[in-house]
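Me: I would like to learn how to read the features of a model like this one. Please take them one at a time.

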Amino acid sequence: MRRMSDFARLRECGRTQRHPLIILSYAENNLEHNRYGFIAGRRLGKAVKRNRARRLMREAVRCCHPNLHPGYDIVLIARTAIVGQPFEAVDAAVTNLLARAQLFTTAPVPGGAAGDRASDSY
RNA sequence: CAAGUUGACCGGGCGAUCGCGGAGCGACAAUGUUUAGCUCUGAGGAAAGUCCGCGCUCCACAGAGCACGGUGCUGGCUAACGGCCAGGCGGAGCGAUCCGACGGAAUAGCGCCACAGAGAAGCAUAUUGCCGGCCCGGACCACCGGGCCGGCGAGGGUGAAACGGCGGUGUAAGAGACCACCGGCGUCCCUGGCGACAGGGGCGGCCAGGCAAACCCCACCGGGAGCAAGGUCAAGCAGGCGCGAUGGAGUGGCUCGCUCGGCGCCGGGUAGACUGCGCGAGGCGGCAGGUAACUGCCGUCCCAGAUAGAUGAUCGCCGCUCUCGUAUCGAGAGAACAGAACGCGGCUUACAGGCCGGCUUGGAUG
RNA sequence: CGGGGCGUGGCGCAGUUUGGCUAGCGCGCUACAAUGGGGUUGUAGAGGCCCUGGGUUCAAGUCCCAGCGCCCCGA
């Protein structure tokens, strides 16, 4: 997502799920594919901390993406507790949030993304 | 060997899989925000803070004066600088070395120096004192105590700072009152140096406090804005009111000059694409000039370009640090500060750990 | 990218202009008095290395430099 108006629309009529590390906001977009947005505000710290949080969320979403329903705008907002967390914690948080929002096509296997990676390395 | 001081450098390495940004080629398909695939490439020493200086772009051709701001020993380097190099002076240290906004207060002005102290900036002062004369009291004298008048700036004391220092002459006691030497000030001359300045000599007056990092004076520098600069294209909208040539806009604090030819307020619309945008005051190596900063020549290399903003995830081996154990080995844990946004030269600040060199002082040995 | 402001007891602010004497004010806090008890009131008191580190000065909350944190404005 790269328009200010898209984010504004989601803030107006999107639905949200909360987690101590991340807040999920989502809504249907009437397209054939998903669009994603990541927000890491000044509250998290300076550039290194904010970049780190955004990259971990991006990687977690990339692993889940093949198993998600198409046609949604999905925005992940980092909270201050995410600073210093390892990838496993962020991945678990994203999987948990997407499962609670019922965006998975298949049953949300715990650590399904991890199994995907296991098949990649043999 | 130990302690110290200083300069330069590194900022884990190699490989595999899955992803992301950029450039080029591009089968199939056929003009799509083209795609699969292949090749190359993708954060730092500070990319940071944004404290200075430039390039670049626009504002007339970048102009004048004032105001304002900055810099402040000398010479050099540079595109430029508040940076760097070399030197001078002052200070700290045994020393290597380090630190210094380091022009001006007899060039002028408005000024400040609290408290304490007798007196705090000009020819200042008499508290404790020292000395002389007179008077009174005690006493055989020497002398002691008190009062009045006068002289004095040496000693004590206050303070951050008290109007030169040691010695002598002199005197009732003293004092640059006078003398020699020294320090410091002003001025003239000689020598060395481009210069700051240093060394030496003559003369003068006897001695002149500090603060300009509050204002100020002097010298030098600075036109304004900034890549959201600027340029091209596309999309979209609706006008209304007021002022209007000794005026308005470009123009920013003022005046002049120059140029342009309506301007202001309210309301309405759009905030998309391309370009600027990376061959550069560029990196590395060599040679030459220069004490050095730096410069010139030759060779060689192409080395990030995102735009809700690309560097991430997982694993193997090696290296480093710590802990534990069955201890030339094994297991576990850890590894700083920090992320390009037009580019560059500096400065400043943050930083785990490591490596190399110079110099100084002290000790031991030969 | 450019510009401006703030940081002083627990809280809100003065003082910074032109450096100096014990850094003040209001609310709050503690103790005592007054009341049967509480509030109001009165009296007394505690609480500050003036955001941090350097520098100038005899002397810095104040002047200068660097840093940290927060807030605001313009494009």
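**Reading Asn34**

Reply: Apart from neighbours within four places in sequence, Asn34 has contacts with Leu68, His69, Pro70, Gly71, Tyr72 and Ile74, where contact means heavy atoms within 4.5 Å. This is a predicted model, in which local features need pLDDT of at least 70 and side-chain atom pairs count only at pLDDT 80 or more, while totals for chains, interfaces and linings use all residues. Residues are numbered from 1 along each chain as its sequence is written, chains are lettered from A and ligands numbered from 1 in the order in which they are written, and side-chain values use heavy atoms, with hydrogens and water left out.

Me: Is Asn34 buried or exposed?

Reply: The classes rest on relative accessible area: buried is under 20%, exposed is over 50%, and partly exposed is in between (1.4 Å probe, protein chains only). Asn34 counts as buried because its relative accessibility is 10%. Asn34 sits in the loop between β2 (22-28) and β3. Lys46 is in another kind of position: the loop between β3 and α2, where it counts as exposed because its relative accessibility is 72%.

Me: Which backbone oxygen does the side chain of Asn34 reach?

Reply: A polar contact is a pair of N or O atoms within 3.5 Å; within protein, one must be able to donate a hydrogen and the other to accept it, and residues adjacent in sequence count only if both atoms are side-chain atoms. The side chain of Asn34 reaches the backbone oxygen of His69 at 3.0 Å. A polar atom of that side chain also lies 2.8 Å from the backbone nitrogen of Gly71.

Me: In what order do the elements of chain A run?

Reply: Elements are DSSP runs numbered from the N terminus: helices are H or I with at least four residues, strands are E with at least two. Chain A has four helices and four strands, and from the N terminus the order is α-β-β-β-α-β-α-α.

Me: How does β4 pair with β2, and over how many bridges?

Reply: Two strands pair if DSSP finds at least two bridges between them. β2 and β4 pair in the antiparallel sense over seven bridges, with Leu24 opposite Leu76 in β4. Strand β3 (residues 35-39) pairs with strand β4 (residues 72-78) in the parallel sense over five bridges. Here Phe38 stands opposite Leu76, and Gly37 has Val75 as its bridge partner in β4. Six of the seven residues of β4 are buried, so this strand is largely enclosed by the rest of the structure.

Me: What hand does the unit of β3, helix α2 and β4 have?

Reply: View the strands pointing away from you: a crossover is right-handed if the path from the first strand over the helix to the second runs clockwise. The β-α-β unit made by β3, helix α2 (residues 47-64) and β4 is left-handed.

Me: How many residues surround RNA strand B, and which are the closest?

Reply: A residue is near a molecule or strand if one of its heavy atoms lies within 4 Å of it. RNA strand B is surrounded by 17 residues, the closest being Met1, Met4, Arg52, Arg54 and Arg62. Of the atoms of RNA strand B that come within 4 Å of the protein, 67% belong to sugar and phosphate. α2 gives the most to this surface, with 10 residues.

Me: Which side chain has an N or O atom 2.2 Å from a phosphate oxygen of RNA strand B?

Reply: That side chain belongs to Arg54. For Arg58, an N or O atom of the side chain is 3.2 Å from a phosphate oxygen of RNA strand B.
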